[in-house]
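Visitor: Could you take me through the salt bridges in this one? I'd like a close look at that part, with the cut-offs spelled out.

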Amino acid sequence: THGKTTTTGMVGAGMKAAGLDPLIVVGAAVPEFGGPVVEGKGEWAVVEACEAYDSFHDLDPQVVLLTNLELDHVDFHGNWENLRGSVARFVDSLPEDGVLVYCATDEGAREIADLTKRPTQAYAVADLEETVRERHLENLRLRLPGDHNKLNAAGAVMAAAHAGASIEDALRGIADFAGAERRLQVLQDEPVTVIDDYAHHPTEIEASLKALNDRYPYRRLIVVYQPHLYSRTEPLIRQFAEALSLADEIVLTDIYPAREDPIPGVSSARIAELVRKPVHYIPNRHLLPRKVAAMARAGDVIVGMGAGNIAEFAPALVHELARRTSFSRSDVAASGVPGRDKEEVERNYKVCVVYGGNSAEREVSILSGRTVAAALKRIGHHVELVDVAEILIKSGDLSRFTGPHRPDVAFLAVHGTHAEDGAIQGLFELLHIPYTGSTIQASAIAMDKQLTKSMLKQNGIRVPEGVLVTDADQAIELRAPVVVKPNAQGSTVGLTFVERDEDIKPAIQKALQYDDAVLIEEWIVGMEISVPVLGDHVLPVVEIAPTSGKYDFESKYTPGATDEIIPARLPAEIRKQAQEIALKAHQALGCSGATRTDMIVRMDDGVESKIQNSKSEIFTLEVNTLPGMTTTSLLPNSAQAAGISFDELVQWLVENALTQHGTKT
C-alpha cells in the first residue's frame with residue numbers, strides 16, 4: 001500500500017550497484033535513472049506492482065517484496081477482505097522456488113504471509129542494522145530520511161540478495177539512492193526548503209512528516225495537502241487530521257476527485273475542523289503558491305503533499321518565492337504621504353496600468369493611463385498598458401494576470417461605469433491581484449450619487465437637496481435652477497445646468513442616455529472646490545474656476561478652460577473645515593487609496609470675498625474613488641502644491657495598493 005515506488009527504486013539501485021544490470025520499471029521518474037525505466041540487459045526485471053485495479057495480476061513474479069498492506073482503493077476492492085484476497089492470489093502466483101519477502105512489523109503483510117503456502121522471509125529495521133554491523137559498514141547512511149525508509153531499505157537488501165546481488169554492493173547502492181520524483185523530493189534548499197511528496201494516505205503522511213521533523217529539527221514545518229479521492233477520504237477523515245497535525249502549520253485545499261463524483265458531506269473542510277494545529281483552508285488550489293509564499297519565512301520547510309494535481313504546487317511555489325525576493329518597502333505607504341526626502345524604492349514592481357474601458361470617459365481614461373505609465377517607467381517599474389474591457393470582450397484571454405508572470409499590482413487608470421463602480425475591482429479581487437483605489441463596496445457606493453448623498457447625510461455632512469428620477473415625464477417638486485446628471489456616471493458626463501423649468505425635461509432625457517437613473521439637485525451657487533485625500537492625509541483645497549462659469553465635461557477636460565487655484569481663495573478656517581469634511585466623507589464610505597471630494601461653498605450675493613454662515617454653507621456633491629491622473633487633473637495638481645511630485649504620487653498609490661490589498665498576492 002505504501003512505499004512501492006521508493007522501494008522499487010532501492011531494489012533497482014542495489015542490483016545496479018551489484019552489477020546485475022536489471023531492467024527497472026518504477027511508477028515515477030527517478031532522477032538518477034534518467035526517468036522511470038532503466039533498460040538493463042541482465043536477466044532480472046525489477047517492477048513496481050500496483051494493487052489498485054488488480055493490474056499486478058498481469059505479472060509473473062519470482063520474488064515478491066510486500067512492504068505493507070492497508071485498506072485502500074475502496075472504490076475498486078470495496079473492503080479489506082477483497083483487497084487481501086487479491087494480494088494473496090498474486091503472492092500465490094509465485095513459483096514453488098519463489099519467495100515472499102514481507103515486512104514483519106506490518107499486520108497486513110503478516111496476514112498475507114500466513115495465508116500463502118509459498119516460501120517467506122520477514123524483514124525489519126533490526127535486520128538492516130545487523131547486516132550493516134556484520135559487514136562493518138557502520139558509517140553507511142541512507143540519503144532518504146525517516147524510519148519508513150529504513151524499513152524500505154531492509155526489504156530492498158533482502159530482495160536484491162535473493163536475486164544474487166552482493167549484499168555489500170547492494171547496501172551501498174541502496175544507501176546512495178536519492179529517491180524518486182515526488183517522494184520527499186527537495187526542490188529548493190534555501191532560504192525556504194521546498195519539498196514535493198506523493199503521500200496521500202494517513203500512514204504515508206505520518207511517515208513523511210516524521211521523517212521531515214527528524215531531518216529538519218527546530219524548523220517550522222508547513223504541509224500543504226490535497227486529499228485524493230472522496231472514497232479514500234470519507235472513512236479516514238480523523239486519521240488524516242491526526243497525521244497532518246504532526247506539522248506545525250497545515251494548508252488544505254479541495255479534494256482531487258480523479259474519476260469520482262463528489263460524496264455529500266465529504267470535504268477537506270471536515271479535515272480542517274479536526275486538525276490540532278494552525279490550519280488554513282484554501283479551496284482553490286491555484287491560489288496555493290501565492291498564499292503559501294506570503295506565509296513563508298526564511299528557514300521554513302514547506303512540503304506539498306498528495307497524489308492529485310497538487311504536484312503542480314511545489315514547483316510553482318519555487319517560482320512564487322523567487323518573485324518575493326527580500327526587499328523593504330519605503331515607509332510612504334505606512335505613514336502619511338510621499339515626499340522628496342523619502343528613501344529610494346528598493347524593488348521594481350511589475351505594474352499593469354488598466355486604462356480605456358467602455359464608459360463615456362474612455363478617452364480621458366486613455367490619457368490618464370498613458371500619463372501614469374510614463375511616470376511608472378521613469379520610476380523604474382516594469383509597465384504594461386492593458387485595456388481590460390477590450391480583452392474581455394474580444395478574446396477573454398486573462399492569462400497575463402495568472403501564474404508567476406502576473407503583475408504585482410494593477411494601477412486603475414479608468415473612469416466611469418465598469419471602472420469606478422466596483423466592477424473592475426471585482427475582477428481583480430477574483431484574480432487576487434492588488435489594485436489601486438477603493439474596494440468593491442466603497443467604489444459601488446461612491447459611484448451611486450444618491451446613495452452617497454444618503455450616507456453622507458447620515459454622517460452629518462451637508463448635501464444639496466435632490467430627487468432621483470427614472471423617467472423624463474416623472475413629476476418632481478424641485479424647480480429651476482437645478483443641476484441634472486446621471487446617477488452613476490463620471491462627475492461631469494451627461495451633466496446639465498438648468499436655469500428654466502421648461503429645460504428640466506430635455507436635461508433629464510440627455511442624462512438618461514448615459515444611465516437608467518438621473519439625479520436632479522438644487523443648483524448651489526458659489527465657489528466649487530475639490531479636496532483630495534491620500535489614505536488618512538488630506539491635500540490642499542483646490543478652487544475650481546471655469547471660464548464659462550459652469551464646471552461641465554468640456555470645462556473639466558479642456559486645457560485652459562478652467563483655472564485651478566491652490567490653495568482655494570477661502571479663509572483658512574473654511575479650508576480646514578472642507579478638509580475635515582473630505583476626510584470624513586472618505587472614511588464614511590469606507591474608501592481607501594486616493595479620493596477626491598467635490599464641494600460647493602455658498603457665496604453671499606456672488607461676492608467671493610464674503611462667506612455667509614461659514615460653518616454650515618459647504619455642500620458636498622460627490623466622492624470620486626478613481627480621480628483623474630491627467631495633466632489637468634485636480635489630484636495631481638493638489639499633490640504638487642503639497643510638495644508631492646506626480647511620480648511620487650504614482651509611487652504612493654502603488655505602495656498603498658500593496659499595503660491595502662497585499663493579502664491577495
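Guide: A salt bridge here is a side-chain nitrogen of Lys or Arg within 4 Å of a carboxyl oxygen of Asp or Glu. Keep in mind that this is a predicted model, where local features need pLDDT of at least 70, side-chain atom pairs count only at pLDDT 80 or more, and totals for chains, interfaces and linings use all residues. Residues are numbered from 1 along each chain as its sequence is written, and side-chain values use heavy atoms, with hydrogens and water left out.

Let's start with Arg 135, whose salt bridge partner is Glu 168, with the closest N and O atoms 3.2 Å apart. Arg 135 sits in the loop between H5 and H6 and Glu 168 in helix H7, so this pair links distant parts of the chain, 33 residues apart. Helices are DSSP runs (H or I, at least four residues) and strands are too (E, at least two), numbered from the N terminus. Arg 135 counts as partly exposed at 25% relative accessibility, and so does Glu 168 at 31%; buried means under 20% relative accessible area, exposed over 50%, partly exposed in between (1.4 Å probe, protein chains only).

Next up, Arg 143 bridges to Asp 176, the closest N and O atoms being 3.8 Å apart. Arg 143 is partly exposed at 45%, as is Asp 176 at 47%.

Then there's Arg 84 with Glu 111, at 2.8 Å, N to O. Arg 84 belongs to helix H3 (residues 80–92) and Glu 111 to helix H4 (residues 107–115).

Across the whole structure, the search finds 32 salt bridges.
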